[in-house]
Amino acid sequence: MGVPGLSSFVEEHGSFFTELRVRDTKLVIDGSSLYHQLCFASAADFRRGGDYGPLAAAVGEFFGSLRACRVAPFVLLDGGRGADDRKLPTLKGRAAERLRAAHGLSRGEGGCLVPLLTREAFVQALGRLGVPFLQCFAEADREIAGLANLWGCPVLSLDSDFCVFDLAAGYCPLSHFQWRSVRPGEGAPGCYIPARCFSLEKFCGHFSLLNKRLLPLFAVVKGNDYIDLAALEVFFSKVRLPGGCGAGKGGKHARLQGLLHWLSQFAEPAEAVDSLLKYLKKHQREEIRELLCTSMEDYTPSDVSLEDFFQNGRYECEAARKADIPQWVLDALAKGKLAPFISDALILRSTFLHVQVENMQRPSAHTTALPIRQVIYGLLLKVSQNTEAASPSKQTSELPVVCEFDRLQKTLKKTFVQAASLPTDFCDDHFPLDKLIEVPMSCRQMLLLETLGVKMNLLESIPSHLQLPVAVTYHWICCSEPKVKLPQLKALLLMIVSGELHRITNDPDPTAVCAEDDTIAYDEFLKWKEKKLQNKDFDLDAAHSFCQWQCCLQMGLYLNQLLCTPLSEPDLSRLYSGTLVHRLYQELKSAPSVENLFSSSPKMTLLYQVLLKTVTSTVSPEFFQKPASCKKKKASNNKKKKTTQCAIPEAQRLCNVNRFASLAVDD
């Protein structure tokens, strides 16, 4: 994020910082930077799909430190890509980097990769802790700067763009925010968090008293997330940068320092722009001038009244008004009750599907969740079954299409996906998107469950907060390719039970008493986790299968949110642990007795049995059996296919909806 090379340059020059004791203040926090930082700090293994429990614990500890120092946090998160989609080239580049990182991790190389549901787990943690937060309509930087200047408080982030903004109380990099080392303080002021604050004045003073109003031009010319002008290479090839900072001189930050020294000779941005344009071809100058001036506005703090949102819950910005989105959708987006994926699909008809550490030789793990995404697209773009029935020969042209960026093996590709046609109850004039919240809950729940291929009576014996994960698991079993193995399913369900056991033993209902056998079972589980795992091999095919489950869960969550949560939303911090599910799978293959891991607790044993019976009750007895020969396997597969279609015809119908028109993104 930010201006390439600026963060490392600033870090190498410690003189640009001032020491700060953070206490008794408001603090505006860049939520995207924070959850990335906490994720990387709390994760021990990036290969197995994430451990959301440690992330949630780190979030709690972080805000606990702030509370101890009487710091009032306000978190702002990036939203969607925005109607202009100016960051699309940058986002493609990041997706390609993520794909390379995932491939490296799948081969046993080092690296970091943010797990798929990290953002959702972070938002849930903020909600549980009661931390005020806002999900902006698009990029959050300008609104972060505007709110911090309104309140005269610092910005906490890890984005070098905040070295460019003119911030009243400065920018504190997360890398220098020692929240784990709260100091006691002296006298009345009390404890504080040691931090360092970037000084714009010291930075500009280092470059011959550079006018700070020239810094936005510096960021744009150097290149940021919004602009990377190849035409400006002509400028760099011709201009004589001061201080011996030309090509090949001055070290890795030569261009950065040379540009800042060059800009220091000008009093105002307009004068510098005029001088820069003289190095370009005449026919390019006015177009480049307009682009430079527009891009420099990205460093003007926003005047959106965010204080009104934190006081009254109303978020209004010009971009949101222009987008012509229903008010309830805007409100849900602002409160984090809908993901940016939803606004991108609705406004741009374009989405990014983030890669995980999966088998790159197989189709993307997101393919398993395609039927769920198509229903989401159908709801957002209003597709009726009447349209499909009335003109079957025109389906391709009439059904809305969404462009998905996903991987094809080790390459980022874009694929055009048709939205699913929906029951007319959801698409006629009575229930357009702006009135979706008025659809009876029973109808919304029915659409959710039909999409996942289950009926409500199947879930009645399941605790309400686990009904969505169980329905998602059923969809996963029926739509995954290759087929889910029984030890994988059992490992997943045992992992879910372990989360329940953790919940009732660590955060018990104050009106209920935790049974002694539950405590014993939890202690035994902790001892089992401490034992050294005999087989530490990484099973890539199992990882791929669990990635498919997370993809289904993510889209199940999004569809549930869009339908205004007809099912309870599960706590991700207790639902998924990649490290644990992989270990359980490895041990179940060699020691089936691990299935009795929670035998000391009758309640947990029963829960596991109910989960397993519910998920497997409508597939054939042969579904998980390993055939003795290829011939038998083929026959068994045909039989299973027929059985599954009989059990859940709608889920199978959706699973077989075709995608089409794959195109390389770098065409």
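At what angle do helix α16 and helix α17 pack, and how far apart are their axes? I looked this up first in the model, which is predicted. Helix α16 covers residues 340–348 and helix α17 residues 370–381; I noted an angle of about 60 degrees, with the axes 10 Å apart. That angle makes α16 oblique to α17. I noted the crossing as right-handed. On the α16 side I listed F341, I342, A345 and L346 as the contact residues, and on the α17 side R373, I376, Y377, L380 and L381. Sorted by class, this contact has 8 nonpolar residues, 1 charged residue and no polar ones.

**Entry on P216**

I found P216 in helix α8, which spans residues 215–222. Is P216 buried or exposed? I put P216 down as buried, because its relative accessibility is 11%, under the 20% cut-off. I then checked what P216 touches beyond its neighbours within four places in sequence, and found V164, M296 and Y299. I also took the C-alpha separation from P216 to F165: 7.7 Å, for two residues 51 apart along the chain.

**Entry on cysteines**

How many disulfides does the structure hold? I counted 0. For C153, which is in no disulfide, the nearest cysteine sulfur belongs to C172 and lies 9.8 Å away. C153 has 2% relative accessibility and so counts as buried. C172 counts as buried, at 0% relative accessibility.

**Entry on backbone geometry**

Which residues does a cis peptide bond join? I found E481 and P482, with omega at about 5 degrees. I placed P482 in the loop between α22 (467–479) and α23 (486–506).

Q409 is one of them, with phi at about 55 degrees. Q409 sits in the loop between β9 (401–408) and β10 (411–418). With a relative accessible area of 42%, Q409 is partly exposed.

T565 also went into the notebook: its phi is positive, at about 50 degrees, and T565 is not a glycine. I located T565 in the loop between α25 (540–562) and α26 (572–575). I recorded T565 as partly exposed, because its relative accessibility is 41%.

Key: Residues are numbered from 1 along each chain as its sequence is written. This is a predicted model: local features need pLDDT of at least 70, side-chain atom pairs count only at pLDDT 80 or more; totals for chains, interfaces and linings use all residues. Side-chain values use heavy atoms; hydrogens and water are left out. Axes are lines fitted to C-alpha atoms, for helices over the stretch in contact, and angles run from 0 to 180 degrees between N-to-C directions. Helices (H or I, at least four residues) and strands (E, at least two) are DSSP runs, numbered from the N terminus. Angles under 35 degrees count as roughly parallel, over 145 as roughly antiparallel, 65 to 115 as roughly perpendicular and the rest as oblique. A crossing is left-handed if the near helix is turned anticlockwise from the far one by less than a right angle, and right-handed if clockwise. Contact means heavy atoms within 4.5 Å. Ala, Val, Leu, Ile, Met, Phe, Trp, Tyr, Cys and Pro count as nonpolar, Asp, Glu, Lys and Arg as charged, and the others, Gly among them, as polar. Buried means under 20% relative accessible area, exposed over 50%, partly exposed in between (1.4 Å probe, protein chains only). A disulfide is a pair of cysteine sulfur atoms within 2.5 Å.
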